[in-house]
Amino acid sequence: MTGTYRIDDATLSYKDFGAGLPVVFLHPTPLDGDYWRPMVAELDGNRAIVPDFRGHGASELGSTLPVGGFPRVPDAPVLTMAQLAKDAFALLDQLGVQSAVFVGCSIGGYVLLELWRQDPHRMRGLAFVCSKPQPDAEPALVKRAENIARVLAEGVAGFFDTMSQTLTGATARQKRPANVAEVRARMTLTAEAVVAVQAGLATRPDSVPTVRTITVPVLSIAGGEDSAIAPSDMEAFREAPGGCESHVIPDAGHFAAFEQPHTVAGLLGPWLDQFKA
């Protein structure tokens, strides 16, 4: 089922299908919820709740995002992790889901950490795919500002062309080049949305201390060919007191669950079984 819901000044889209354990899947940017489709198709016994973040896919960005939070681009709207977490909980409220397991890739993982800070009692487990708890370091902050300037000057096409190449792993580019075209086709954000997302990523908080408070099971899946998040970054999840199961897929890039859905499903499926007992 595809549905919509209204929060603040935006109409947001989601998909809700299957039956069983509620699992919320939060996608990476600049893709949308369709990122998870190949992998979710291989998982049984789960109710998959797959929203499009605001500004992504069929979800509106809204016109009242805060401005001024990213000092390097002071006039940029900022799509904060707190807003995205608020949106996710509002969806669960609409669906009548009191608690769920959450899976997040990249920015989706950053939102998981914010969700935990806001209401940990609604989270039965957290799975991170190619995500990390550390904030942007100085080189990344510089790059965010450069990305914003590029998009404002040139539009989104060149920026998305670059992202589809650099974030897809080398193995997928060589053996499954159609993956790159499919990924590129899912990058449909407007320039305003890209700016807001880049500013939001730049201003996300340090979540390393948050990891040390996670008392539910954690799953960490890293891509050995991920140019954005190194497997060593994800080792910080081992500090979670609820326990962390960690894996590295050597020949996967940043979009691991799309590049290798069978492999990621093979790791995620057995981990989810513990919540079905």
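Arg 186 forms a salt bridge with Asp 34, the closest N and O atoms being 3.8 Å apart, where a salt bridge is a side-chain nitrogen of Lys or Arg within 4 Å of a carboxyl oxygen of Asp or Glu. Arg 186 lies in the loop between α7 (178–185) and α8 (191–202) and Asp 34 in the loop between β3 (21–26) and α1 (37–40), so the pair ties together parts that are 152 residues apart in sequence; helices (H or I, at least four residues) and strands (E, at least two) are DSSP runs, numbered from the N terminus. The structure is a predicted model, in which local features need pLDDT of at least 70 and side-chain atom pairs count only at pLDDT 80 or more, while totals for chains, interfaces and linings use all residues. Residues are numbered from 1 along each chain as its sequence is written, and side-chain values use heavy atoms, with hydrogens and water left out.

With a relative accessibility of 32%, Arg 186 counts as partly exposed, whereas Asp 34, at 18%, is buried; buried means under 20% relative accessible area, exposed over 50%, and partly exposed in between, for a 1.4 Å probe and protein chains only. Both residues belong to a network of salt bridges that links Asp 32, Asp 34, Arg 37 and Arg 186. A search of the whole structure finds 16 salt bridges. One of them joins the side chains of Asp 93 and Arg 122, at 2.8 Å from N to O, and because Asp 93 lies in helix α2 and Arg 122 in the loop between α3 (107–118) and β6 (123–129), this pair ties together parts that are 29 residues apart in sequence. Arg 122 is buried, with a relative accessibility of 11%. A salt bridge is also formed by Asp 136 and Arg 144, whose closest N and O atoms are 2.8 Å apart, and both of these residues are buried.

The largest nonpolar core has 87 residues, and those with the most contacts inside it are Phe 25, Trp 36, Met 39, Leu 115, Leu 268 and Leu 272; a nonpolar core is here a set of buried Ala, Val, Leu, Ile, Met, Phe, Trp, Tyr and Cys residues joined through side-chain atoms within 4.5 Å. Helix α2 (residues 81–95) gives the most to this core, with eight residues. Apart from this core lies another, of ten residues, among them Val 73, Leu 141, Ile 148 and Ala 202. When residues up to four places away in sequence are not counted, Leu 115 touches Leu 26, Ala 85, Ala 88, Phe 89, Phe 102, Pro 120 and Met 123, a contact being heavy atoms within 4.5 Å.

Leu 115 is also one of the buried residues of α3, a helix that is mostly covered, with ten of its twelve residues buried. Helix α12 (residues 261–273) has 13 residues and reaches 18 Å from its first C-alpha to its last, close to the expected 18 Å. Its buried residues are Pro 261, Val 264, Ala 265, Leu 267, Leu 268, Gly 269, Trp 271 and Leu 272.

The count of disulfides comes to zero, with a disulfide taken as a pair of cysteine sulfur atoms within 2.5 Å. Cys 105 is in no disulfide, and the nearest cysteine sulfur, that of Cys 130, is 5.2 Å away; Cys 130 is likewise in no disulfide. Cys 105 is buried, with a relative accessible area of 0%, and Cys 130 also counts as buried, at 0% relative accessibility.

Some features concern the backbone. Cys 130, in the loop between β6 and α4 (138–154), has a phi near 50°, a positive value in a residue other than glycine. Ser 106 lies in the loop between β5 and α3 and has a positive phi of about 55° although it is not a glycine; Ser 106 is buried, with a relative accessible area of 9%. The peptide bond from Thr 29 to Pro 30 is cis, with omega near 5°, and Pro 30 lies in the loop between β3 and α1.

Notes: Expected span 1.5 Å × (residues − 1).
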